[in-house]
Every structure is written in C-alpha cells, then in structure tokens.
Amino acid sequence: MSCRLRFSDGKMAIGPLRGGRRLLLAGFGGLLALMLVAGADAVLVLRQVRSSDAQIRDSYLRRSRALSQVRSGIYQSAIVMRDYLLSEDHAVARAQVEKWTAIRRETDRALRESAAALDPVEAEPLQSLEAEVQDYWRLLEAVSQTPDAQGQHRASFLSGELVRRRTAMLSLIDRIDQISTRELSSGDTQLNITFDRLQLRIGLMLGATLSAGLMLAAFTIWRTLRLESELEKRFEEGVRARQELKELSARLVSAQEEERRAISRELHDEVGQSLSALLMEAGNAAASVSTDSAEVRRHVESIKRLAEASVNVIRNMTLLLRPSMLDDFGLVPALEWQAREVSKRTGMRVQVAAEETAALSDEHKTCIYRVVQEALHNCARHAQARSVKVLVRQEPSKILLSVEDDGRGFDAVRTRGLGLVGMEERVNHLGGTFLVDSFPGRGTTVAAELPVVI
Amino acid sequence: MEAPTRSIRIVLADDHTVMRGGLRLLLERQSNLQVVGEASNGREAVELAASEQPDVVVMDIAMPHLNGVEATRQIVSRSPDIAVVILSMHSDESYVIRSLKAGARAYLLKDSAEADLIAAIHAITEGKSFFSPAVRRILKEDYVHQLHEMGAEDSYELLTNREREVLQLVAEGKSNKEVANLLSLSVYTVETHRTHILQKLNLHSVPDLILYAVRKGIIS
C-alpha cells in the first residue's frame, strides 16, 4: 500500500517538469529571437546613421561648391564687365559681353543648385542674394547694351555701382556660407544624438539579453538540480521497493514453508492417525459381531479398504508437501528420500553424496532441500537427463551444494525461468551465492554456497 | 487344556487416545496379551517402560516431546530385554532403518496394525524381527532399484552356505549362542562367520544385517 502511494506521488511530480521543459524551450527561443532582433536593429540603425552622415556631407559639399561658383561668377562678371568697359576694340567688347552671358548662365545655375541644397528655413538670405544677383545682372545688362557705355559711364560705374553691389553680394554669400556651415554642424549634432540613441539602444538590448540569459541560466540550473534530486529520490525509491519486494518474497517463502509444514503435520498426525484408528476400530467391530453375519463383515471390509486407500493418499500428500524426515531426521535422509522418489518416478538415476551436517538451522535445511527438489524437478522435466549427481558438503563456515545433470542443457545467460529465480532468491535470502552453469548440449550444474555460523 | 503361559505384558505409546483405545481392544481380545500401561508421548513411554518393565512396547513415531525412535533408543539401551514394535504412518526406509538402529525389532504400518500386530508381537517375543508386508515390499523394491542403478553385483552370491545360514539366524534375532547351538558350532566360529558376512556385504551392524535380510527376502 505504502509503495503504491509513493509511486503515485512520483507520477504527480512529472506534470510540472513537463511544463518546465516547455518553459525552457520558450525561454531559449525568446532569448535567441531577442538577440537576433537586437543585432538586426543595431545594423539597421548603423546603416541609417552612415547614410544620413553621407547625405549631410554631400549636401554641404554641393552647397559650398555652388556658393563658391556664385562667388567666382560675381567676381568674374565684374572683371569681364570692367574689361568690356575698358576695351577700345568693339569686337573685343562684344566677346567680353558673350563671355559675361555665359558666366551669368553658369552662376544662375549654381544659385538654383545651392537653393535646392539648402534647408528651406534658411532660404531668406538666399532669396535676397538671388534678388541682389538679379539686380546686378540687370545693371550689367544695362551697361552692356548701352552703346558707347565705355566712354560715358566707365569711371562712375566702376568706382560706384559695381563695387558696391559686388561687396553686398559677397557679404550675402558669406552669410549663406555661414548658414551652410551651421547646417553641417547641426547635422553633425543630429548624427551624434542618433549615435547616442543607438548606443543607449544597444546597451539596453544587451542588458535585456544578458538578464534574460541569466534568468534562463538560473532557471535551467534550478530545473537541473530539481531533476537530479527527483532522480535520486526515484532511485532510492526503486532500491527500497526492490528491497521490500525481496523481503516480501522471503516472507512469502517462509510463510509458505510454515503452512506446508503445518498442513503436512496436521494431515499426518490428525487425519492419518484418525483413519488408522478408524481402520482398527472397524476391525474391532467386525470381531465383536457374531461371526455368521456375512453382511456386516462385507461392509466392514469395504470400510477398511476405503480407509486404507485414504491413509495412502494422506501419506503421499504429506510427503509431497514437506517430507517428515526433514524435521525428524535431518537433511540427508530427506534428500535421499527425494532422490529415491524422483528416481522411481522418472527412471532418472539420482546419486546423493551428502554428509550428515551438524546442527543446521531449519532455514538452511529447508533452503537446501527445496533447491535440490527444484533442481531435480528441472532435470527430470526440462533437461531430459539420464543421471544426476547431488552433492552437499559442509565446510568450516559454509555449505556447498551442487546438482549436476547430463541433460541437454540450455543457454544459462539468456534463459532464466521462474524456478531458477526462486532458487536464487532462497539462497540469496540466507546470504549465499547461487550459480547456474549450463550450455545447450552440455548438461546443467546448479550450485550454491551458503554461509553458516556454527 | 494346556495351562496358560504367563501373558505378554504390553505398554502402548501413542498420542492419539482413539488409537490407543483401538489397540487396547485389539490386543486384549487375545487371552495371553495384557496392556499394562498407556503413554501419550515418548517421555511417558520411557518412564512407563522403566517402571512396568513390560515385555513389549508398541510405539508410534510421531509423538510430542520425544519421538518414538528416540524413546525406543532410550528404552532398549536401559532394558535390552524389552521388545519394541514400531507402529507408524511412515513407510519410508529412513524411518525403518532408524527405528531398527534405535533397537526396534518390528516395524508395522498403522494401516496394517489390525492384521499384523498380534503376529508381530508373537514374533518379537520369540526373538524374531517382523515387518509389515508393505514395508518389506518397499524396502525390497528400493534395494533392487538401487542395485539396478548402481549396476552392482549381488553380494549375496559371495556368501558360503554356512554363512547364509548364520545370516538368516542372526537376522531372525538369534544370539550368537543360540546360533551356535542350532548349528552345532562354537560361539567363536559363529562370531567369525558374522564378521565375514558383514565384511562381504559391506554392512556395519546387526540392524543393517536385518534390513539386508528383509530386502533380500531372507526373512519376513
């Protein structure tokens, strides 16, 4: 009963363990996913940072290039205009105007480009610059289209209008340049912030992954320890259960032996004796009645025959249950009787070489007797042996026992019937060792060694 | 009419009252048999035998306190003249041999008591041995079986005619002196014959010899 309770306890403990396995799998999966997500995120953000950095630098470069083009366009157009004004030759002047027109085109293009590359918020100085530049163009246009302009306006134009406007424009360009630089540095700052954020993100991810990993490790260790202790408990339970089973079977064997002895004795001493008495009384009765009553005599004879048959049955039953010589005279007479019986019954030749052993305990006598009985039974039934040798020898601290037949043998390593197990159990219970040596075609030897304290 | 000889005094030893009652009835129907005491265990039997000094003790084997074989040994060793008849349920030779070695002169199975007990008592008071037919048969069968098994020679063939005569008389319970008288030999010669017989048959004692004779069917 106690065994069964313990086993069911064990079974109940399996539930949470199965849940733990699922939890563990989920945990490991989650950790892996977390690590993948963190890695992918970091790579993504880094790529973003790199591309936005390149973009910022690219637009700054474009802006500066465009602005310096605008600046050089303004300078060049001033120089070309001056050359135009100063040139005496008409054809040279024409060429200067054409040159200026090309410069103006280029400069306009650069202006548009820089406007495109600049943040719309900073568009105001650029618009004024554009207006200034248009004014400037208009002025230069007017100069270039005026016939003989070289003569009339040269001095005033050069010293006044042109220089003034140019200076204003250049200062505007400088302002735009500053804005552009500021934009670059603000881009850098933005980039730094993004970087910081990325760092924080990676740090957080790392922390999360690490703590998840730690938790998982802790859970795994806890679970392993629990499984280990569970296993240990189970193992101990198994050992204890086996021990209990062994004790139980030993108790069963001795109880069975006691029962047999009691029944055998009861049959012999009570039933057998009563039947014998009955027989005699029947004889006495027959003797007391008048001798001419043939009827009564026949009945009495019938009673006697029945009683005689019953006595014989009782006698055989008694001996089969437990031979009385085992208790009355000891082991050797019992073994010899057993040998004679087996020999008579099966035709197998049974030789007993047993020494009358001094003061053997009842347990030892019974054990040896039953082992020999079972072995002889096997020889006759399974081995188809023709002759068997039973040997019992007493040594100072032990008893050696062997039953050797010339039968067909069997594979002792693989086959082990219930009979052999029973013999082994009996021998083991008395602290002895049990051995079966057999091989197909080579006979069987069953041997045991029992320690005895005398 | 012949004057009755002194009646045979008998002690019964059996732990079953009914059995003892039956036996007493059986025995006392004979005019020359007299039951002088009943014992219900081995110890009582030994005491009764000592105090009553009967001619015959009819003894069961399975008894409390002291079994019949041991009780027989004690009675015979104290009073060799008391003849013990074993009356038992056991038919195995180990019981027969041990009873004989303990000094019993007859061995009967209880189921044949009614038929054989009177004959057995008369036989043993004349110094002979007696065995139930069933016991004789078992002993003989076992012996023949064993001889057959061992493939042994029948050692009886080794004996001379004179030795066979001596064997039969000794087995019947005669003393050396009686044998000497019967065969007109000196006691010393009988003694020598006995020694030879035991040697040739590989026997060690008179009970062995009796058993051998029963097995061979020399005596009954």
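Reader: What ipTM does the predictor give the complex?

Author: Since this is a predicted model, confidence comes before geometry. Chain B has a mean pLDDT of 85, and 93% of its residues reach 70 or more. For the complex, the predictor gives a pTM of 0.62 and an ipTM of 0.73.

Reader: In what order do the strands of the sheet in chain B stand?

Author: The secondary structure of chain B comes to 10 helices and 6 strands. Its 6 strands form an open sheet with parallel pairing. Strand 2 (33-39) and strand 6 (130-131) of chain B each have a single partner strand, so they stand at the edges with one side left without a neighbour in the sheet. The order is 2-1-3-4-5-6.

Reader: Which residue in strand 4 of chain B is the bridge partner of Val58(B)?

Author: Strand 3 (residues 56-59) and strand 4 (residues 83-88) of chain B run parallel and are joined by 4 bridges. Within this pair of strands, the partner of Val58(B) is Val85(B).

Reader: What angle does the direction of helix 3 of chain B make with that of strand 4 of chain B?

Author: Helix 3 (residues 68-78) of chain B packs on the sheet, where it touches strand 1 (8-13), strand 3 and strand 4 of chain B. The angle between the direction of helix 3 and that of strand 4 of chain B is about 175 degrees.

Reader: Is Gln53(B) buried or partly exposed?

Author: Gln53(B) lies in the loop between helix 2 (42-52) and strand 3 of chain B, and has a positive phi of about 45 degrees although it is not a glycine. Most residues other than glycine have a negative phi. A residue needs 20 or more other C-beta atoms within 10 Å to count as buried, and Gln53(B) has 14, so it is partly exposed.

Reader: Near what value is the phi of His65(B)?

Author: His65(B) lies in the loop between strand 3 and helix 3 of chain B. With 14 other C-beta atoms within 10 Å, His65(B) is partly exposed. Its phi is positive, in a residue other than glycine, and lies near 70 degrees.

Reader: How far apart are the end C-alpha atoms of helix 8 of chain A?

Author: Helix 8 (residues 362-383) of chain A has 22 residues, which at 1.5 Å a residue should span 32 Å. Its buried residues include Thr366(A), Tyr369(A) and Asn378(A), and just after the helix Gln384(A) takes a positive phi of about 50 degrees.

Reader: Which residue, with a positive phi, follows helix 7 of chain A?

Author: Helix 7 (residues 331-346) of chain A has 16 residues and reaches 22 Å from its first C-alpha to its last, close to the 22 Å expected. Among its buried residues are Trp337(A), Gln338(A) and Arg340(A). The residue that follows helix 7 of chain A, with a phi near 80 degrees, is Gly347(A).

Reader: Which element gives the largest share of the side of chain B that touches chain A?

Author: In the interface, 23 residues of chain B are in contact with 27 residues of chain A. Two or more residues come from each of helix 1 (17-28), helix 4 (93-102), helix 5 (113-125) and helix 6 (133-150) of chain B. The residues on this side of chain B divide into 8 nonpolar, 7 polar and 8 charged. The largest share, 6 residues, comes from helix 1 of chain B.

Key
Residues numbered from 1 in each chain as written. Chains lettered and ligands numbered in written order. Predicted model: local features only at pLDDT ≥ 70, side-chain atom pairs only at ≥ 80, totals over all residues. Contact = placed C-beta atoms within 7 Å. Nonpolar A, V, L, I, M, F, W, Y, C, P; charged D, E, K, R; others polar. pLDDT = per-residue confidence, 0-100. Expected span 1.5 Å × (residues − 1). Buried ≥ 20, exposed ≤ 12 C-beta atoms within 10 Å, placed from the backbone. Pairing = 2+ DSSP bridges. Axes fitted to C-alpha atoms, helices over the stretch in contact; angles between N-to-C directions.
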